[in-house]
Structure formats: C-alpha cells, structure tokens
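Here are a few exercises to work through with the model open beside you. Try each one before you read its solution.

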Amino acid sequence: MSNSPTGSLDRRRFLAVSAGTALAVAALPGCAASVDDGSGSSGNEKTTLTIMSTEGEIDVKAAQKALGMKINLIIKDDTKLNAMLAGKNPPDVVRGVGALETPYFAARDLMTELDPYFAKSTVLKPSDLDPVNDLWRFDGKKQGAGPRYGMAKDYSQDGMFWYRTDMFDAAKLDYPSETEPLSYDEWLDMGKRLTQRRLGKVKVYGLSATGLGNFASLMNMTASAGGSLFAEDLASVDFSSPEALKALNWYMEYARDNVGPSVSNPNPDGWDWPTYQADRMAMASDGYWFGGVIGGDAKTAKVSRFAPAPQMGGGKRISPCFGAAGYWIPKEAKNKDAAWKFFEWFFGGKPAQDRATGGVGIPTLKSLRPKMPQATTLQKQAFKVQQQELPYFSVLTFTPYVQQAALEGVINKVLPGAIKSGTSAGKVADQLNSQMNAQIAQGKEHVG
C-alpha cells in the first residue's frame, strides 16, 4: 500500500518472493469438499477461475496443479474492476484491502456473503480466524460486524515502526521502549534530531510517518486522540474537531520540517525500504511485515529493531491495521464454488504456511501463529514486541460511500500548497471537509 504505484509494485514483488511463491504443486492435504449452493462449477479440470490480483502474489502454475483448474490471472486495476462489476461480468476472485474497501463494495451489494462457506469448511474454520478478518465484515452501518465478505491473507498493526540502532547511537538517543509507546510529539522530536541535512537538503530522513497512506494515518492519529474523522453515520468527515486538528497540526509540522517523506515532498525511492536500507532513513512507520524485508539484508537486520505504535494522547491506546489485504468473491461471480476452493488452498494451505514462516505478515489463522519465525535476533525481538502489541488491535471503520483513493486524492490536492504556504490547520480542515464531504454525499446518493 505504498503511495507510489511503482513502489507498491516493488514491494509486492519482494513480498511474493519472500513468502515463497514457489508454492507446493501437490493438492492441499485434507482440503474440504466445496460448498455447493448452485452458484457455479465445483472446480473440476474444465473450470477456468478468473482471479484479479497483484503481480507475483499467486503462483499460477502451482495453483492450477493443486486445484485442478485453469487460472486466468488479471493484474489488479481498480478502473477495470469497477467496469467489470458494472457490466455484471466480474472476476471470480478479487484482491482487495479489507480495512478500506469492504464497506464500499458490501454497501453496493457487490460481494458474496461467505458465512455459509466458512460454516461448512474443515480448512477455514470460523473459530480459527484471527480478529483482523473482521475488517472484511460489514453490517450495513459499521465495520467489524455482520456477514463475512472476504479474508485477509496476512496483516500487520501498521502504526508500529522500525528504527536503526546505529543512527540512534550516533545521535546519542535512547532506544524506544519495547513495551511503552512513544507519544507522537516524542516521536516527532526524535525524528527531528535524527534528520541529517547537507547544504540545505535532507541527507537522512529522521522518520517516515505515513508509509501506508496519509488518510489512513490521519484516521489513526485522530482515533488515538479519542476522536473519529468520520461522523457516526459515516456520511461525512470532520477535520475541524479538536482531535482531528491535533492530528492535522502534527502532520503539517512533520511535513514543513521535512523530517521525512510527505505529500509535499514524496520519497523519490517510492517506498521506505530502499531508503532505509541505504542508510538514509532512521525510523520507518511500517508494521511487522517490514521485518521480512529487513531480514533479507544481514547488515541492515543487525541494526534494526521494532517498536510499539506511537499514541496521540487523549484516547485509549490503539494499534490498528490499515490494510488486511486479502480476497473476496463478487456476487455476480460465475464460479463461486471453485473460488472457495482457491480460498481454502491460498488461505489455509501451503501458500499460507509459507507466508507465516517468511515473517512478512501475521498469519490470519490463529493455528499458524506458531510458525512465525524466531530464529534470528531480529525475528525474536520483532516477535516479542508484536505479541505485546496484539491486545491493542482495533478496527477503524471506513465510510461505505466513497473509495479511499478519492479521499487520498483530496489530500494530495489540498495539502502540498497549504504546507508550503504556511496555511493554518483550521483553514486546511475547512478545505478538506468541503471537498471530501461533497464526494461522500455524491456516493451516498448512489448507495441510497
């Protein structure tokens, strides 16, 4: 979920390799018989299963051999997906981001309810599902309740961050606690002290604070302060509340001081890893999954540590997931039973085991938790900190009336000029409210 399309692709390729894309060619042992609800093929050798996914995430040849069906892979494209959904000819399986997309598609009655499949499966049992999978539920009013519409492949608590001990040592700074979270003000102060400049230009970023998107990060900060960006009915945003203004002021100070990549000065590398690896970033706000990347470089792994998610103050301690990337089955899909066979293989079989042992995300089946890696010093420290963070997992409900990209687009339009001109957070809040709420209102008319 990098802000850069190129960076996102690079990250996906890395994660696909790290998680073991050379997947098992044998069929999943003990795979449950498909649930037959009369909605399509049961998955014989003549079935063609169309999957929309990112490049490199699915080993097509292994999937075809394991499942006994042909896989037609379409590279994920939101514009194409929306057109296919409108034409009632969607893919059988779609990759999505549960935290941000479930309300939008569920409210439009575009997703298949999967509870009957989970109820009959011996591979994906409801009792074995990690709570993060509740981000794929929506009851018509809020996220985290109601029918299940999809499943996450793995996840992280995305407000957590990694830091480099060598840069902390050079700056004579104490390391962050493994148990007690920093305040956002303490975190920013550290970032300022770790930032290195030469001839007026940043040589080393002290902190990358919004690696997984600006809107999601502002949602998190506002919630951590005890508020919510969205109104209770999810039909509007309010950046003018005291909690949201606190978050907005923090972000604008971070961006104006050029402590790290921002909407007004994006990272030319596209995402955090190349910069972090090249000794040009001291702290990176990326969740547990980033450890799988770091672990591939022994030099960087030696000086890297994991820390709890900072807190804005004013609310209870939270540590949400901004992604919960996974898959869902469109309501108009032609091969739902075959799609469920893919679910059981991808989420409960060898691919899931490979992801768990690769350290590129927390498994979304509780039974796979013991497979999380703890062999190296890096892995042991990250596992310990991650286990201590789990009790603070929380769900931040997203609006069903507009897609996240549209709200991110408003931020990209409004904030750069405001940051450079010194516009007050209050005036910025008014602009964000006006433009975002116009889009949300238009979307609500379509949903009804």
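A crossing of two helices is called right-handed if the near helix is turned clockwise from the far one by less than a right angle, and left-handed if it is turned anticlockwise. Keep in mind that this is a predicted model.

**Exercise 1.** Work out how α2 and α13 are arranged, and what makes their contact.

*Solution.* Start with the axes: those of helix α2 (residues 60-67) and helix α13 (residues 336-348) come within 11 Å and cross at roughly 115 degrees. Angles of 65 to 115 degrees count as roughly perpendicular, so α2 is roughly perpendicular to α13. Next, the hand: α2 passes α13 in a right-handed crossing. Now pick out the residues: α2 brings Ala62, Ala63, Ala66 and Leu67, while α13 brings Lys341, Phe342 and Trp345. Sort them by type and you get six nonpolar, no polar and one charged.

**Exercise 2.** Is Thr102 buried or exposed, and which backbone oxygen does its side chain reach?

*Solution.* First find Thr102 in helix α4 (residues 98-107). Its relative accessible area is 0%, and buried means under 20%, so Thr102 is buried. Then follow the side chain of Thr102, which reaches the backbone oxygen of Leu135 at 3.1 Å. Leaving aside neighbours within four places in sequence, the contacts of Thr102 include Val97, Met111, Trp136 and Tyr149.

**Exercise 3.** Where is Ala324 found, and what is its phi near?

*Solution.* Look in the loop between β12 (304-307) and β13 (325-328). Phi of Ala324 is near 55 degrees, a positive value in a residue other than glycine. Finally, check burial: with a relative accessible area of 3%, Ala324 is buried.

Definitions and conventions
Residues numbered from 1 in each chain as written. Predicted model: local features only at pLDDT ≥ 70, side-chain atom pairs only at ≥ 80, totals over all residues. Heavy atoms only, no water. Axes fitted to C-alpha atoms, helices over the stretch in contact; angles between N-to-C directions. Helix = DSSP H or I, 4+ residues; strand = E, 2+ residues; numbered from the N terminus. Parallel < 35°, antiparallel > 145°, perpendicular 65-115°, else oblique. Contact = heavy atoms within 4.5 Å. Nonpolar A, V, L, I, M, F, W, Y, C, P; charged D, E, K, R; others polar. Buried < 20%, exposed > 50% of the residue type's maximum accessible area, 1.4 Å probe, protein only. Polar contact = N/O pair within 3.5 Å; in protein donor to acceptor, adjacent residues only side chain to side chain.
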